[in-house]
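Please find my notes on this entry below. They are numbered so that each can be taken up separately.

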Amino acid sequence: MKAHNTTSLHPTQSTKLARRKQETYAYFLEKVDPILGECITYLLLEQPPEIPQGMIQFLNKWKESPHGVVPSEALPGIKPKKEMKLFLATNISPVITKLANRIAVKLPTDVIAFMIEELERMKTEDNLLPEAKKEEKPATKATESGLQTVQIAVLGIGGAGKTSIMNALQGKFEPVVKPTIGFRPLSLMLGDKAMVKLYDLGGGKRIRDIWDQYYHDVHGIIYVVDSTETLEPDAEQIQLFAQSLNHPSLKGKPLLIFANKQDRTTEAKSAAQLQDALPIPAEYQDKLFIAECSAYVPPEI
């Protein structure tokens, strides 16, 4: 991803971070994703009142019969209904994300035992589940291991390039990107003591209804704009931009706007043009940064 006003890492730091990221990715692919993937399906089917306890029940069953907890005949019942998406976004996602972050820090040898131990600990934490949310703005907190976490919502109309930017941050270069259905979490380590959790929220019309489920808990916003599209006041992406950023749970939080697809045409709008054309609420003016970028860059470049 190419962007203006960026700071380069020292080559040694960059190499270590790349190696750490690749090792963590391989670890999750082999040891974690198969378990969490089937666990999410189990939770969607069962919809337990307490997600950590439901996950513990799943993990205990998994120990006895790996890949056999969810019967194959039940899978057709998993349909992308609005209620199920909301249950996934508001109940399951916070727990899965928190657990995955702790796994990423420790990379335990016995994944199942570590998951159960951490889920037991989560059951006693006051601010984990949606019904226990506090009214004040979320604070950046350190976990038991001293890891600082920051949560960012990635917003933008469908096709603006949100997923391509998330892929680029992971070093992935995909010429064809499928639309995000619902949301896609991504965690990035910044050194050993800081983690950024990004929520790539689908930009399709049917998915936008769940966006505000994330607004309260995020510390900042990345908004991706297709800089090749019209910026007239009645344009769909302009209206969506205004609707999102005027939400009371977002106002005043740090805002990074990506003017994406600068590589597509010489007519792409610049950062200065975007700042003039976008209806940016006054509450963001002192916490605003606009960067021109090209989310997709072929590997050979």
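Predicted model: local features only at pLDDT ≥ 70, side-chain atom pairs only at ≥ 80, totals over all residues.

1. Cys39 is buried, because its relative accessible area of 1% lies under the 20% cut-off. Cys293 also has a relative accessible area of 1% and is therefore buried. With a disulfide taken as a pair of cysteine sulfur atoms within 2.5 Å, the count of disulfides in the model is zero.

2. On the overall make-up: the protein contains eight helices and seven strands. Of its 301 residues, 45% count as buried. The accessible surface comes to about 16000 Å², and carbon and sulfur atoms hold 52% of that area. Among contacts with a separation of 6 or more, 73% are between residues 24 or more positions apart.

3. Helix α2 covers residues 51-64. Its 14 residues should span 20 Å at 1.5 Å a residue, and the end C-alpha atoms are 20 Å apart, so expectation and model agree. The buried residues in α2 include Ile51, Pro52, Gly54 and Met55, and Ile56, Phe58, Leu59 and Trp62 are buried in this helix as well.

4. Helix α4, residues 111-122, passes the same kind of check. For 12 residues at 1.5 Å each the span should be 16 Å, and the separation of the end C-alpha atoms is 16 Å, which agrees. Its buried residues are Val111, Ile112, Phe114, Met115, Ile116, Glu118, Leu119 and Met122. As background, an α-helix has 3.6 residues a turn, so residues three or four places apart point the same way.

5. Ile112 has 12% relative accessibility and so counts as buried. Setting aside neighbours within four places in sequence, the contacts of Ile112 are Ile35, Leu59, Trp62 and Lys63. Leu59 and Trp62 are themselves among the buried residues of α2.

6. Strand β7 runs over residues 288-294. Six of its seven residues are buried, so the strand is largely enclosed by the rest of the structure. Strand β6, residues 255-260, pairs with β7 in the parallel sense, over five bridges. In this pairing Leu255 stands opposite Leu288 of β7.

7. Two backbone angles deserve a look. Most residues other than glycine have a negative phi. Gln47, which is not a glycine, has a positive phi of about 45°. Gln47 is found in the loop between α1 (11-46) and α2. Its relative accessible area is 38%, so Gln47 is partly exposed.

8. The second case is Lys261, also not a glycine, with a positive phi of about 70°. Lys261 is found in the loop between β6 and α8. Is Lys261 buried or exposed? At a relative accessible area of 12%, Lys261 is buried.

How values were computed:
Residues numbered from 1 in each chain as written. Heavy atoms only, no water. Helix = DSSP H or I, 4+ residues; strand = E, 2+ residues; numbered from the N terminus. Expected span 1.5 Å × (residues − 1). Buried < 20%, exposed > 50% of the residue type's maximum accessible area, 1.4 Å probe, protein only. Pairing = 2+ DSSP bridges. Contact = heavy atoms within 4.5 Å. Areas by Shrake-Rupley, 256 points an atom, 1.4 Å probe, with all protein chains shown as cover.
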